[in-house]
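Please read them with the structure open.

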Amino acid sequence: FNWPSWLHSGNNSRNELRDMTGAELGRWLSKTISWYTKGGFDAQHRSPYHYVWKHFEVFNEPHHAMEHWPCATDCGRGSYCAACAREYARIFDGVAAVLRSDHPELQLHGLSDDWRSTMDRSHTWSSEFFSRHNHGPDAKPPEYASYHFYAFLPQGRALDMSRFNVSFVFAQATGFARQARAIRAQLDSADWGGRSTKLNFDEVG
């Protein structure tokens with residue numbers, strides 16, 4: 001994540017956020033968004049930018065960052081455990097509250113997960129995130145749950161297009177489509193977000 005190290009404890013970006021409610025990070029993100037969409041964020045800090053942003057992912061593949069943060073159970077596996085997923089849910093609430101107040105035009109995306117990690121833990125990760133129990137009483141769910149898919153070669157195998165079997169990639173795409181249907185079914189039955197939350201696949205390759 002390309003935010004300042006001072007947002008983390010000990011001024012070290014490999015540590016957890018110093019404000020694990022997400023509010024401080026939300027304020028920094030809000031100013032960054034204003035810099036690019038509103039010509040700056042106050043009278044002293046002006047910019048030439050007036051881009052139109054309609055969507056915003058709260059974290060990009062958050063498990064990659066949270067692998068370095070000790071969760072409540074000190075699982076040592078990053079976001080592979082339920083406690084890590086609940087931690088992300090709390091941070092999402094804090095960030096989302098600030099962004100919705102300052103930038104009501106934005107549609108927020110949660111999870112922002114990659115398919116290779118999702119294969120092993122999707123049901124724990126998404127079920128914890130879309131559980132009302134893990135969010136504040138006034139927290140609103142994201143408009144979208146976003147996912148990323150990139151086909152990959154077996155480990156240690158160099159790409160040789162003259163011998164490449166495209167069926168290997170299509171098999172992964174089929175698995176991804178199957179996983180997407182399972183996630184959609186899970187969202188439909190969730191008690192936070194549920195059917196109102198749309199799926200978005202915004203990184204595919």
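Predicted model: local features only at pLDDT ≥ 70, side-chain atom pairs only at ≥ 80, totals over all residues.

In which hand does H1 pass H3? The crossing is right-handed.

1. Overall make-up. The protein has five helices and six strands. Read from the N terminus, the elements follow the order α-β-β-β-α-α-β-α-β-α-β. Of the 205 residues in the protein, 42% are buried. Among contacts between residues at least 6 apart in sequence, 65% join residues at least 24 apart.

2. Helix H1 on its own. H1 covers residues 23-37, which is 15 residues. From its first C-alpha to its last it reaches 21 Å, close to the 21 Å expected at 1.5 Å a residue. After the helix comes Gly39, with a positive phi near 70°.

3. The buried residues of H1. Which residues of H1 are buried? They are Glu24, Leu25, Gly26, Leu29, Ser30, Ile33, Ser34 and Thr37. In an α-helix there are 3.6 residues a turn, so residues three or four places apart point the same way. The packing partners of the buried residues of H1 are strand S1 (40-42), strand S3 (55-57) and helix H3 (82-102).

4. H1 against H3. Two packed helices are described by the angle between their axes and the distance between the axes. For H1 and H3, the axes come within 7 Å and cross at roughly 35°. On the H1 side the contact involves Ala23, Leu25, Gly26, Arg27, Leu29, Ser30 and Ile33. These meet Gly94, Val95, Val98, Leu99 and Asp102 in H3. Sorted by class, the contact of H1 with H3 has seven nonpolar, three polar and two charged residues.

5. Aromatic pairs. The model has 16 aromatic pairs. One of them joins Phe92 and Trp192, edge-to-face, at 6.5 Å centre to centre and with 90° between the planes. Phe92 lies in helix H3, while Trp192 lies in the loop between helix H5 (167-188) and strand S6 (198-204), so the pair ties together parts that are 100 residues apart in sequence. Phe92 counts as buried because its relative accessibility is 0%. Trp192 also counts as buried, at 1% relative accessibility. Both residues belong to an aromatic cluster formed by Trp3, Phe59, Tyr88, Phe92, Phe129, Phe130 and Trp192.

6. Surroundings of Trp192. What does Trp192 touch, leaving aside residues up to four places away in sequence? Its contacts are Phe92, Asp93, Phe129, Phe130, Ser131, Arg132, His135, Ala139, Lys140, Pro141 and Pro142. Ala139 is 53 residues from Trp192 in sequence, and their C-alpha atoms are 9.4 Å apart in space.

7. Most residues other than glycine have a negative phi, and most peptide bonds are trans. Asn11 is not a glycine, yet has a positive phi of about 55°. Asn11 is found in the segment before H1. Leu111 is another residue other than glycine with a positive phi, here near 75°. Leu111 sits in strand S4 (residues 107-114). With a relative accessibility of 0%, Leu111 counts as buried. I would ask the reader to look at Asn11 and Leu111 in the model.

8. Phe170 and Ala151 are 19 residues apart along the chain, with 8.5 Å between their C-alpha atoms.

9. His148 in S5. His148 is found in strand S5 (residues 144-149). His148 has a relative accessible area of 1% and is therefore buried, the cut-off being under 20%. Its C-alpha atom is separated by 6.1 Å from that of Asp202, a residue 54 places away along the chain.

Methods
Residues numbered from 1 in each chain as written. Heavy atoms only, no water. Helix = DSSP H or I, 4+ residues; strand = E, 2+ residues; numbered from the N terminus. Expected span 1.5 Å × (residues − 1). Buried < 20%, exposed > 50% of the residue type's maximum accessible area, 1.4 Å probe, protein only. Contact = heavy atoms within 4.5 Å. Axes fitted to C-alpha atoms, helices over the stretch in contact; angles between N-to-C directions. Left-handed = near helix turned anticlockwise from the far one by under 90°. Nonpolar A, V, L, I, M, F, W, Y, C, P; charged D, E, K, R; others polar. Phe/Tyr/Trp six-rings, centres within 6.5 Å; stacked < 30°, edge-to-face > 60°.
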